[in-house]
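Hi everyone, thanks for making time.

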Amino acid sequence: MKTYRWGILGLGNIAHKFVQDLQTVENAELYAVGSRSQNKADKFAKEYNASKAYGSYEELIQDPNIDVVYIATPHVFHKVNTISVLNSGKAVLCEKAFAMNQNEVEEMIRTAQDNQVFLMEALWTNFMPTIKTLKDFQEKNTYGNIKHIQAEFCFKAPFDPKKRLFNPKLGGGALLDIGIYPVYLALKLLGKPNHISAESKLSTTGVDLETKMSFEYENGVKADLFCSFDQTKENFAFIEFEKAKVELGPRFHETDKLSIITSNNTIEKDFNYQAKGYHFEIAHVQDCLDQGLTESPLMPFEFSLELIKTLDEIRAIAGLDYE
Ligand SMILES: NC(=O)c1ccc[n+]([C@@H]2O[C@H](COP(=O)([O-])OP(=O)(O)OC[C@H]3O[C@@H](n4cnc5c(N)ncnc54)[C@H](OP(=O)(O)O)[C@@H]3O)[C@@H](O)[C@H]2O)c1
């Protein structure tokens, strides 16, 4: 198996967590980091022992020794950053939300296809053992069909109109940042809904402070989803099958714990991994590259497109607009 040399583009909060997990993955080397600031790049490279520290994204992109770049910039820059890296012939793992809207995601996918280079949305939850377990229950019909999903992701975010979470110019707002996880879960388990209703409460900056969504499917199946920057919650997901209720959480999007509650008993599963959970998506990207794939079978373009189309639809219904 080849050792993959990773480059990190954008050295904010998530880049730190990601590289800590990267260092636990076999055949993954943190090779280079790129920031708009040379000082920041030097400090980050020293902290995590990266070989190269670049004071611009362009220098990182032009380094021929990098195999794959992880993009961890604000949402509005995902398209331009991804396309620049793909055009340099390197594989890309780009943070969620993949981009600001469907058109942008389509352009990114076209660029990957034109260059015959690997591209994947870094929706880390998709690679967790909890999600695999839920899909297995569905595929094996262990507890019958799903009747209802309830999922939320809420935390009290300190208000700062200039920073990423509240700034519309950086693609802020609860829906794109954290609402994407409950939406992802509903799409993963139930697919595209027949009907969506959505309502947002806006922050003074114009991005959504909270968004409440309801997805309706055939036979009365429903998903009730919620996200908020205005209150901290436990962030469970409850998946109600015909013969059991499965609870994921707290913080369903990253938990290693799952409970299965039936009329007879409760089974607790603890996958008990030591890393934060980014190692699953990192290992998957390397597996894809080993196989010469340009698209992930677990997070295919079709799913990322369905996800961004659904987010676009929710925005249209809830009246969320970006320039
Ligand atoms: N998977 C997860 O668990 C998870 C968790 C949190 C966030 N995320 C996603 O990761 C991405 C980044 O989030 P984050 O929380 O790490 O954000 P952040 O702390 O604000 O960092 C973003 C980085 O992007 C770069 N950047 C480039 N242009 C910028 C601009 N005009 N203003 C501000 N920063 C700019 C900066 O890096 P340099 O200064 O080094 O250039 C900055 O440090 C988002 O897509 C977010 O949704 C994912």
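So, two domains here: domain 1 takes in 4–122 + 278–294, and domain 2 covers 126–272. Keep in mind that this is a predicted model. Taken over C-alpha atoms, the domain centres sit 26 Å apart.

How many residues of domain 1 are in contact with domain 2? Nine, and they meet eight residues on the domain 2 side. If you look at the domain 1 side of that contact, you get five nonpolar, two polar and two charged residues.

Okay, on to the ligand. Where does it lie relative to the domains? Between them, because domain 1 and domain 2 both give residues to the shell around it. That shell has 21 residues, and the closest are Gly10, Leu11, Gly12, Ile14 and Ser35. Helix α1, residues 13–22, gives the most to the shell, with three residues. By class, the shell comes out as eight nonpolar, seven polar and six charged.

Last bit, the packing. The largest nonpolar core has 107 residues, and the ones touching the most other members are Trp6, Ile8, Val33, Tyr70, Val92, Ile149 and Leu311. Which helix gives the most to this core? That's helix α7, residues 174–190, with 11 residues.

Let's zoom in on Ile149. Skip its neighbours within four places in sequence, and Ile149 is in contact with Leu185, Ala186, Leu189, Leu190, Ala223, Ala237 and Ile239.

Okay, that's my tour, over to you.

Terms used
Residues are numbered from 1 along each chain as its sequence is written. This is a predicted model: local features need pLDDT of at least 70, side-chain atom pairs count only at pLDDT 80 or more; totals for chains, interfaces and linings use all residues. A residue is near a molecule or strand if its C-beta atom, placed from the backbone, lies within 6 Å of it. Helices (H or I, at least four residues) and strands (E, at least two) are DSSP runs, numbered from the N terminus. Ala, Val, Leu, Ile, Met, Phe, Trp, Tyr, Cys and Pro count as nonpolar, Asp, Glu, Lys and Arg as charged, and the others, Gly among them, as polar. Domain bounds come from an automatic or database domain assignment. A nonpolar core is a set of buried Ala, Val, Leu, Ile, Met, Phe, Trp, Tyr and Cys residues joined through C-beta atoms within 7 Å. A residue is buried if 20 or more other C-beta atoms lie within 10 Å of its own, exposed if 12 or fewer, and partly exposed in between; C-beta atoms are placed from the backbone. Two residues are in contact if their C-beta atoms, placed from the backbone, lie within 7 Å.
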